[in-house]
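Dear colleague,

Here is the structure I promised to hand over, with my notes on what turned up in it. Please read the notes with the model open beside them.

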Amino acid sequence: MIYPLLYWFFNITVVDARLPDVISYFGTYYLWTLLVLNLLSRGTVVPLLNDVSQLIGAWPITRAAVTGLLWPNGHPFSVTAKGGDRSKVVVQWRMMRFFGSLLALTLIGLVLGLVFDRFAFNDAGEGKWVILFWTIYNLFVLIICSVACVELPRRERHVADRPERVSFAAAGKDRPVWLASLTMDSARLRGHRYEIGTEGVVTLDEVGPVRAEVKSQTEDGVRLALRPDLDQREALMLRLHATDNTPGIVAVRLSEMVSDIARRFSFHSGSGH
């Protein structure tokens with residue numbers, strides 16, 4: 001982000017190479033890197049957007065690294081804000097001001113270099129084409145970073161939104177019931193009431209039969225305390241917090257990303273989750 005600005009404003013040459021050499025060496029390296037990363041990540045490393053995510057995380061990661069170097073034995077713990085109000089549009093103004101400032105400087109430098117001769121330095125030779133490409137690329141990255149600072153309203157999906165059919169074997173009978181909520185240690189069932197203290201086995205998709213005990217009754221069912229073994233606990237962890245056994249994003253739909261970026265420009269929440 002900084003190097004093109006050094007050229008446009010201070011005539012500091014950061015790229016001194018012929019354009020064919022840049023294309024043949026760096027261009028080949030860059031394309032192969034994107035290809036390999038895309039294959040290894042199963043399509044989650046997207047050009048441009050990958051740089052956006054790294055730039056957004058650069059400051060807090062750097063701050064944590066410096067803190068760890070200066071205070072290797074730890075530093076005072078402070079509770080940070082988690083989540084936030086997801087019912088309305090929230091703009092992270094502090095981050096946006098930083099990216100907006102870089103965006104303005106990059107745009108001003110580009111305009112000055114293209115319009116005024118005194119800023120159109122010739123010392124870089126053919127390297128100017130690289131700096132020009134670099135500058136335009138940074139403009140797109142910074143625009144998307146600024147847009148990412150706008151958090152749209154969203155709602156979380158819970159098991160209760162789409163109850164799942166499971167079976168609960170207790171008191172010598174296996175009954176089909178509805179799974180209304182699920183955590184690592186508890187579950188809520190709808191469809192039949194059992195006495196408090198009743199022990200049984202609830203069969204969950206992707207987890208299997210889990211020992212459980214009725215802890216309380218509800219209007220339409222019961223709450224269970226789950227007693228999973230180590231393998232079942234790992235399966236629960238994957239089911240609740242991962243997809244395809246891989247934490248985080250495992251697939252990217254370009255059309256959805258473009259649609260989401262467009263909605264952020266319009267400040268309209270749409271139907272996203």
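I begin with the second largest pocket, which has a volume of about 710 Å³. A pocket here is an open set of points, on a 1 Å grid over the protein atoms alone, where a 1.4 Å probe fits, with protein on both sides within 12 Å along at least five of seven lines, and its lining residues have an atom within 4 Å of a point. For the volume, grid points are joined across faces, edges and corners, and the space filled by probe spheres set on the points is taken. Of the 25 residues that line this pocket, Phe26, Tyr30, Phe133, Trp134 and Tyr137 are the closest to its centre. Helix H2, helix H3 (49-70) and helix H5 (127-148) each supply at least two residues of the lining, and H2 gives the most, with 11 residues. Helices (H or I, at least four residues) and strands (E, at least two) are DSSP runs numbered from the N terminus.

Before going further, please keep in mind that this is a predicted model, in which local features need pLDDT of at least 70 and side-chain atom pairs count only at pLDDT 80 or more, while totals for chains, interfaces and linings use all residues. Residues are numbered from 1 along each chain as its sequence is written, and side-chain values use heavy atoms, with hydrogens and water left out.

Val36 itself is partly exposed, at 38% relative accessible area, on a scale where buried means under 20%, exposed over 50%, and partly exposed in between.

The count of salt bridges comes to 6, each being a side-chain nitrogen of Lys or Arg within 4 Å of a carboxyl oxygen of Asp or Glu. In one of them, the side chains of Arg233 and Asp185 meet at 2.8 Å, N to O. Because Arg233 lies in helix H6 (residues 230-241) and Asp185 in the loop between strand E4 (173-182) and strand E5 (186-190), this pair ties together parts that are 48 residues apart in sequence. Arg233 is partly exposed at 32%, and Asp185 is partly exposed at 42%.

A further salt bridge joins Asp220 and Arg190 (3.4 Å, N to O), linking the loop between strand E7 (208-217) and strand E8 (221-227) to strand E5, 30 residues apart. Another is formed by Arg227 and Glu213 (3.6 Å, N to O); here Glu213 is buried at 18%, whereas Arg227 is partly exposed at 33%. Salt bridges that share partners join Glu213, Lys215 and Arg227 into one network.

Finally, a search of the whole structure finds 0 disulfides, a disulfide being a pair of cysteine sulfur atoms within 2.5 Å. The sulfur of Cys145 is 7.2 Å from the closest cysteine sulfur, that of Cys149, which is too far for a bond. Cys145 is buried, with a relative accessible area of 0%, and Cys149 is buried as well, at 1%.

With best wishes

Key:
Buried < 20%, exposed > 50% of the residue type's maximum accessible area, 1.4 Å probe, protein only.
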